[in-house]
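Q: Hi! Could you walk me through this one? I have a few quick things to ask.

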Amino acid sequence: MTILEVKDLKQYFRINRKFTVRAVDGVTFEIKKGQTFGLVGESGSGKSTIGRSIIRLYDPTGGELIFNGQNISGKLTLEQNKLVRTKMQMIFQDPMACLNPRKKVLDIIAEGLEIHKLYESTAERDEKVYAILEKVGLCADHANRYPHQFSGGQRQRIGIARALIMEPDLIIADEAISALDVSIQAQVVNLMKKIQEETNTAFLFIAHDLSMVKYISDVIGVLHLGHIVEMGSKEEIFANPIHPYTQSLLTAIPSPNPRIERNKRAKSFDYDTSGIDYNVGEKRLVDGTHYVLATEAEYKKWVG
Ligand code: ADP
Ligand code: MG
């Protein structure tokens, strides 16, 4: 079952009379129930804008967003607004920045329940918070502490708990682990995986490199300059990357084997000198569920 369909999404920002930033320029993908879609691309490629458009912080310039079978791309009805605010949740990069320092963890986690009046009694609310704390590897004792009393990894768990308590159908994690130490990143990724297995929540996992996307994603979309240049299952992307931009991202992942690492030739990709125009290319089927954005000539050249 498809939870989210993004069809030809465009999000433009008008800077002045002469200049408009095409942050997202015709992006199409879907996320199925219980699936993780990894959206990867360098800084400025439009990842956060896609996330923010989906949760409707912006009015999309063009295209359609279908969430749980409902078209949520236009003006939202009260009911649709509630659907978007409760059944989609976001986890951000810097948990400290979005956790209110004067609020206890209990109140931070329960905030969504408060806003949408999703409990009958205070006892029921607190029980829900304790249960979620346990699910994310914290404990009931933590509920009465303040955000600054936690480590970065723990604060990210609080961020996850805050999202999870709403029982969302989709969690958008926007570079949620990028600021953490690598060992802590792995722990948080494992936690997200575990939660996904238990709850069947779909994830849009946004990252600027492929190193963690590799562990968590079922499907990967490679974003560059507002265009998805390649998309496919994790296996398809890793076994047979076609687009030069995807290849450059793959060679950027450090290998644990020093011999391979030493002999690796970094593939760099520069759009401006590449002769490629993303607006001219079309989505071409490589095979299975694997697609690449290319003109016929580019495709022939890359596939060999
Ligand atoms: P990413 O998350 O991949 O780093 P963003 O989605 O934040 O990329 O930004 C994509 C592009 O859109 C960048 O060029 C950025 O400067 C621009 N941009 C993002 N938000 C706005 C905005 N509100 N107004 C104008 N330009 C924006
Ligand atoms: Mg971003």
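Q: Which elements each supply at least two residues of the shell around ligand 1?
A: Those are β2 (20-32) and α1 (47-54). Helices here are DSSP runs of H or I with at least four residues, strands are runs of E with at least two, and both are numbered from the N terminus. Before we go on: this is a predicted model, where local features need pLDDT of at least 70 and side-chain atom pairs count only at pLDDT 80 or more, while totals for chains, interfaces and linings use all residues. Residues are numbered from 1 along each chain as its sequence is written, chains are lettered from A and ligands numbered from 1 in the order in which they are written, and side-chain values use heavy atoms, with hydrogens and water left out.

Q: Thanks! Which element gives the largest share of that shell?
A: That would be α1, with 3 residues.

Q: And which residues are around ligand 1?
A: You'll find Phe13, Ile15, Val21, Ala23, Glu42, Ser43, Gly44, Ser45, Gly46, Lys47, Ser48 and Thr49 there. A residue is near a molecule if one of its heavy atoms lies within 4 Å of it.

Q: How do they divide into nonpolar, polar and charged?
A: The shell has 4 nonpolar, 6 polar and 2 charged residues. In this scheme Ala, Val, Leu, Ile, Met, Phe, Trp, Tyr, Cys and Pro count as nonpolar, Asp, Glu, Lys and Arg as charged, and the others, Gly among them, as polar.

Q: What lies 2.8 Å from an oxygen atom of ligand 1?
A: A polar side-chain atom of Lys47 does. There is also a side-chain N or O atom of Thr49 at 2.5 Å from a ligand 1 oxygen, and a polar backbone atom of Gly46 at 3.1 Å from an oxygen of ligand 1.

Q: How much of ligand 1 does the protein cover?
A: The protein covers 64% of the 560 Å² of accessible area that ligand 1 has on its own. Accessible areas come from the Shrake-Rupley method with a 1.4 Å probe, and for residues only the protein chains shown count as cover.

Q: What does Ser53 touch?
A: Leaving out residues up to four places away in sequence, Ser53 touches Leu9, Gln11, Tyr58 and Leu65. Contact means heavy atoms within 4.5 Å. Ser53 has 0% relative accessibility, so it counts as buried.

Q: Where does Gly41 lie?
A: Gly41 is in the loop between β3 (36-40) and α1. Its C-alpha atom is separated by 5.8 Å from that of Val222, with the two residues 181 residues apart along the chain. Setting aside neighbours within four places in sequence, Gly41 is in contact with Lys47, Ala207, His208, Leu223 and Tyr245.

Q: Is Gly41 buried or exposed?
A: Gly41 counts as buried, at 0% relative accessibility.

Q: New topic: which residues have the most contacts inside the largest nonpolar core?
A: Met192 and Phe205 do, in a core of 59 residues. The largest share of this core, 6 residues, comes from helix α4 (residues 105-115). Apart from it lies another core, of 31 residues, among them Leu4, Ala23, Leu65 and Ile228. A nonpolar core is a set of buried Ala, Val, Leu, Ile, Met, Phe, Trp, Tyr and Cys residues joined through side-chain atoms within 4.5 Å.

Q: Now backbone angles: what is the phi of Asp8?
A: Asp8 has a positive phi of about 50°, although it is not a glycine. Most residues other than glycine have a negative phi. Asp8 is in strand β1 (residues 2-14) and, at 39% relative accessibility, counts as partly exposed.

Q: And where is Glu167 found?
A: Glu167 is in the loop between α6 (152-164) and β7 (170-174). Glu167 also has a positive phi of about 50°, and it counts as exposed, at 56% relative accessibility.

Key:
Polar contact = N/O pair within 3.5 Å; in protein donor to acceptor, adjacent residues only side chain to side chain. Buried < 20%, exposed > 50% of the residue type's maximum accessible area, 1.4 Å probe, protein only.
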